[in-house]
Amino acid sequence: MRSWRIVLISALALVSAGCSSDEKPAAAPKPTPSKAVTLKEPCAVLAGDAVGKAIERQSVTGAPGPDQNTAANGGKAKTCVYSAEGKQVGALAVTRYDGNKVKPDAMIASIKEKKPGARDVSGLAEGALYYVEEAKTATLVAAKVVGGVPILVSYSGPAKMTVEQMTPLVKQAIDAEQ
């Protein structure tokens, strides 16, 4: 069985690539204390209990996963990996794009282009997609701008997870980023 860490790193690579463009991103602005956007830790904004409720499992816990930074597009991702009974059951990634003025609809369009069968999810952030890869992994990704910084939140779980199960998880995580 594939490790969720491998799936998560692959998803982060896609997200990083999905937000790049042929144009060079603008130079990163120097943050001022009043306008600085700091992402919350994913495990703090989406507790294991919420994941457990969505997948109907008890004793789900979250632990910080690998951070991934992509200099090419300013992507800085923090992750949380969820487990139950010693098995990984999903992962949440929250990525911010400092200095990259990519719009949420462009982020979503770029990912949709790379993921055949991806479908739009309405009413979530400024744009969202759901897709299943290789009949192994389902992902729901949503984008919005917070304090002028593009943010992408994605939850990946087993292929049997539906968009209805994932939506409250991603909504909770993306709504926490204000």
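Predicted model: local features only at pLDDT ≥ 70, side-chain atom pairs only at ≥ 80, totals over all residues.

Student: How many helices and strands does the secondary structure come to?

Tutor: Five helices and eight strands.

Student: And what share of the residues is buried?

Tutor: Buried residues make up 48% of the 178 in the protein. The accessible surface is about 9,100 Å², and carbon and sulfur atoms account for 53% of that.

Student: What about contacts between residues at least 6 apart, how many of those join residues at least 24 apart?

Tutor: That comes to 56% of them.

Student: OK, the inside. Which residues touch the most other members of the largest nonpolar core?

Tutor: Val51, Tyr82, Leu92, Leu140, Val153 and Tyr155, out of 32 residues in that core. The elements that each supply at least two residues are α3 (48-55), β3 (75-84), β4 (87-97), β6 (127-133), β7 (137-146), β8 (149-158) and α5 (163-176).

Student: Which of them gives the most?

Tutor: α5, with seven residues. There's also another core lying apart from this one, with 11 residues, including Tyr97, Val102, Ile108 and Val141.

Student: Back to Val51. What does Val51 touch?

Tutor: Leaving out residues up to four places away in sequence, Val51 touches Leu46, Val60, Tyr82, Val89, Tyr155 and Leu169.

Student: Which residues of α3 are buried?

Tutor: In α3, the buried ones are Gly48, Val51, Gly52, Ala54 and Ile55. Looking down the axis of α3, they fall within an arc of 160°, so they line one face of the helix.

Student: What's on the face turned away from the buried side of α3?

Tutor: That face carries Asp49 and Lys53, which are exposed.

Student: And what do the buried residues of α3 pack against?

Tutor: They pack against β1 (60-64), β3, β4, β8 and α5. One more detail here: just after α3, Glu56 has a positive phi of about 60°.

Student: Switching topic. How many aromatic pairs are there?

Tutor: The count is one. The pair is Tyr82 with Tyr155: ring centres 6.2 Å apart and planes at 40°, so the pair is tilted.

Student: Where do Tyr82 and Tyr155 lie?

Tutor: Tyr82 is in strand β3 and Tyr155 is in strand β8, so the pair ties together parts that are 73 residues apart in sequence.

Student: Are Tyr82 and Tyr155 buried or exposed?

Tutor: Both Tyr82 and Tyr155 are buried.

Student: Which parts does the pair of Cys43 and Cys80 tie together?

Tutor: Cys43 is in helix α2 (residues 42-45) and Cys80 is in strand β3, so the pair ties parts 37 residues apart in sequence.

Student: How do Cys43 and Cys80 count in terms of accessibility?

Tutor: Cys43 counts as partly exposed because its relative accessibility is 24%. Cys80 is at 0%, so it counts as buried.

Technical notes. Residues numbered from 1 in each chain as written. Heavy atoms only, no water. Core = buried A, V, L, I, M, F, W, Y, C linked by side-chain atoms within 4.5 Å. Buried < 20%, exposed > 50% of the residue type's maximum accessible area, 1.4 Å probe, protein only. Helix = DSSP H or I, 4+ residues; strand = E, 2+ residues; numbered from the N terminus. Contact = heavy atoms within 4.5 Å. Areas by Shrake-Rupley, 256 points an atom, 1.4 Å probe, with all protein chains shown as cover. Arc of directions from axis to C-beta. Phe/Tyr/Trp six-rings, centres within 6.5 Å; stacked < 30°, edge-to-face > 60°.
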